[in-house]
Amino acid sequence: MLNPIVEINDLVKEFHEKRAVNRVSFSIEKGELVAILGPNGAGKTTTMLMMLGLLRPTEGKASIFQHEPGSKNVRERIGVMLQEVSLMDGLKAKELIKLFRSYYPNPLPMKDLIQLTGLGKEDLERRTEKLSGGQKRRVAFALALAGNPDLLFFDEPTVGMDISSRRLFWETVKGLAREGKTIVFTTHYLQEADDYADRIILFKKGKVIADGKTEEIKRKMSKQSVSFIAKEDIQRERFLKLPFVTDLMEKDERVYIVTDDTDAVLSFIYGESLPVKDIRVEKGRLEEAFEQLTETEEEAI
Amino acid sequence: MNIFIQQSKAEMLRMFRNPYYIFWSLLMPIVFYFFFTKVMNVGKDDPVWNAHFLMSMTAFSVMGSSIMTMGIRMVEERAKGWTTFIRVTPLPSLAYFSAKIVGQTFVHVFSVLVIFITGALFNGVVLSFGEWILSGCWILLGSLPFLGLGVLIGTMKKVDTAVGVSNILYMVLAITGGMWMPMDILPKTIQWIGKSLPAFHFGNGAWAIIRGNAPDLMNIVMLSAYLVLFMIISIYIRRKQEAV
């Protein structure tokens, strides 16, 4: 934690007295590929806009490369894809990319950027307003990379992309991460965060409710249980005092032991020869756990 | 500097590719010109009146694209998030904005040339070299308050509102400014209103130049005053919008 590339401290954003972001803090190190995950209205985009200097925080502070967000120095080193931004019309895709290259001190070669768009010769010569939604997103992706940035921000990047564009996009992003670029993206798709991010920052109602390696978050989120029908009464305490048991519930004559180690529960049951029958091991699906954890809130803005 | 040149070039290209520009700023004034001087023959082939009306139509063209293109573009780009996006790139907002003005001015130079050449070639308008240059420069410089008005329209939230308002302003200014028909044949009240609006003073400077006179000081004062006024109001509105 010596030189965080992104650092945000106690960030608060209020819109008309309503808190969209409520005391959020985290820092991101060089080379991390971070997903900001959460349902719509959880404050992900608002937080990202504050990191970019597009929104002023009500309280708290964000800094990038230890500079003020939005300063020229920062803008030359970041690449951004925002939601609901269309391309400048009246220019051909190729002309727009060329124009963007002129903004940066060390742009990527034109040839690389063209490759990133995946557009053919003909489409590159078409005006941006004549491109399909997916093609526009890909041009926007090339624009984000025009300056060969060290740090990339993607706000819901794959919305509007078809499956093959999506795959191509993520493959490229993985490659960029391998090159040592730092990447932050927001998403409300658990799958995307799980598949591509090294780290997940989980948002709910404007707060960070979990932050850690993808594996850890997954383990935390996915509940497992061992359930059975008890032939005689078994004291609840016998299970609850076990270190690997987190909870015990009874439902439809079945007893559910919630645990993070189902094997240990099974060996306990057999070891103690408990009077139970019809034992089942259930692994909660990650998606369900995610939904439970975050329960879609109404839009915060 | 390179950023700025590239950006201005891009803005110029975008305007030339805009079919509305071609229609409203080139085709319409030229068609009007021929309609009034040839078909209606209002001036009975009086060479001064032909030159006068050529100035009216050139001013009409440049005024229109100043008000409409500038304002509507700005609203559109804000509505589409482009203005926000520019703020995360190294392109300074000032360069983004001034490139629009530079790009637009180049396009105006083109409009002036095309309309002047049309008048000279097809309607035999004869002016001295100095008069051509001076009147052209007057029209380019005098368009500044209308660019200012465009910027003011550019602070509107909705594209539809901006289109509607700028169209109405454009027409009202053109008529009360004596660009379609000479000021003296308009009703007295309209003349009075027209003289307190910038369009008449814009046209009047060019009308004076082709008659071998210098533009009235009043024309310069009125145009400058309107430019300052529009700028102050735009800045005030922008401040209020950005306070969020």
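How many residues does the contact take from chain B, and how many from chain A? It takes 18 from chain B and 20 from chain A. Keep in mind that this is a predicted model.

**Where the chains meet**
- On the chain B side, helix H1 (2–16) and helix H4 (82–86) each supply at least two of the residues that touch chain A.
- H1(B) gives the largest share of that side, with six residues.
- Sorted by class, the side of chain B that touches chain A has eight nonpolar, six polar and four charged residues.

**Chain A as a whole**
- The C-alpha trace of chain A spans about 75 × 45 × 35 Å along its principal axes.
- Of the 301 residues in chain A, 39% are buried.
- Take the contacts in chain A with a separation of 6 or more: 70% of them are between residues 24 or more positions apart.

**Nonpolar cores**
- The largest nonpolar core holds 78 residues, and the members touching the most others are Val34(A), Leu37(A), Met51(A), Leu96(A), Ala142(A) and Phe153(A).
- Helix H6 (residues 133–145) of chain A brings the largest share of this core, namely seven residues.
- There's also a second, separate core of 47 residues, and among its members are Met55(B), Leu144(B), Leu169(B) and Trp207(B).
- Back to Leu37(A): leaving out residues up to four places away in sequence, Leu37(A) touches Thr187(A), Leu190(A), Ala193(A), Ile200(A), Ile201(A), Leu202(A) and Phe203(A).

- Four strands of chain A form an open sheet in the order E11-E12-E10-E13, with antiparallel pairing.
- Strand E11 (245–251) and strand E13 (276–283) of chain A sit at the edges with a single partner strand each, so each has one side without a neighbour in the sheet.
- On average, neighbouring strands in this sheet are turned by 20° against each other, ignoring direction.
- Six bridges link E11(A) to strand E12 (residues 254–259) of chain A, in the antiparallel sense.
- In that pairing, Asp247(A) stands opposite Val258(A) in E12(A).
- In general, it's backbone hydrogen bonds that pair the strands of a sheet, whether parallel or antiparallel.
- Helix H11 (residues 262–271) of chain A lies across E11, E12, E13 and strand E10 (224–230) of chain A, and runs at about 25° to E10(A).

**Two positive phi angles**
- Glu17(A) has a phi near 70°, a positive value in a residue other than glycine.
- You'll find Glu17(A) in the loop between strand E1 (6–15) and strand E2 (18–28) of chain A.
- Glu17(A) counts as exposed because it has 5 other C-beta atoms within 10 Å, and the cut-off for exposed is 12 or fewer.
- Arg23(A) is a non-glycine residue with positive phi too, near 50°, but Arg23(A) lies in strand E2 of chain A.
- With 14 other C-beta atoms within 10 Å, Arg23(A) comes out as partly exposed.

Methods:
Residues are numbered from 1 along each chain as its sequence is written. Chains are lettered from A and ligands numbered from 1 in the order in which they are written. This is a predicted model: local features need pLDDT of at least 70, side-chain atom pairs count only at pLDDT 80 or more; totals for chains, interfaces and linings use all residues. A nonpolar core is a set of buried Ala, Val, Leu, Ile, Met, Phe, Trp, Tyr and Cys residues joined through C-beta atoms within 7 Å. A residue is buried if 20 or more other C-beta atoms lie within 10 Å of its own, exposed if 12 or fewer, and partly exposed in between; C-beta atoms are placed from the backbone. Two residues are in contact if their C-beta atoms, placed from the backbone, lie within 7 Å. Ala, Val, Leu, Ile, Met, Phe, Trp, Tyr, Cys and Pro count as nonpolar, Asp, Glu, Lys and Arg as charged, and the others, Gly among them, as polar. Two strands pair if DSSP finds at least two bridges between them. Axes are lines fitted to C-alpha atoms, for helices over the stretch in contact, and angles run from 0 to 180 degrees between N-to-C directions.
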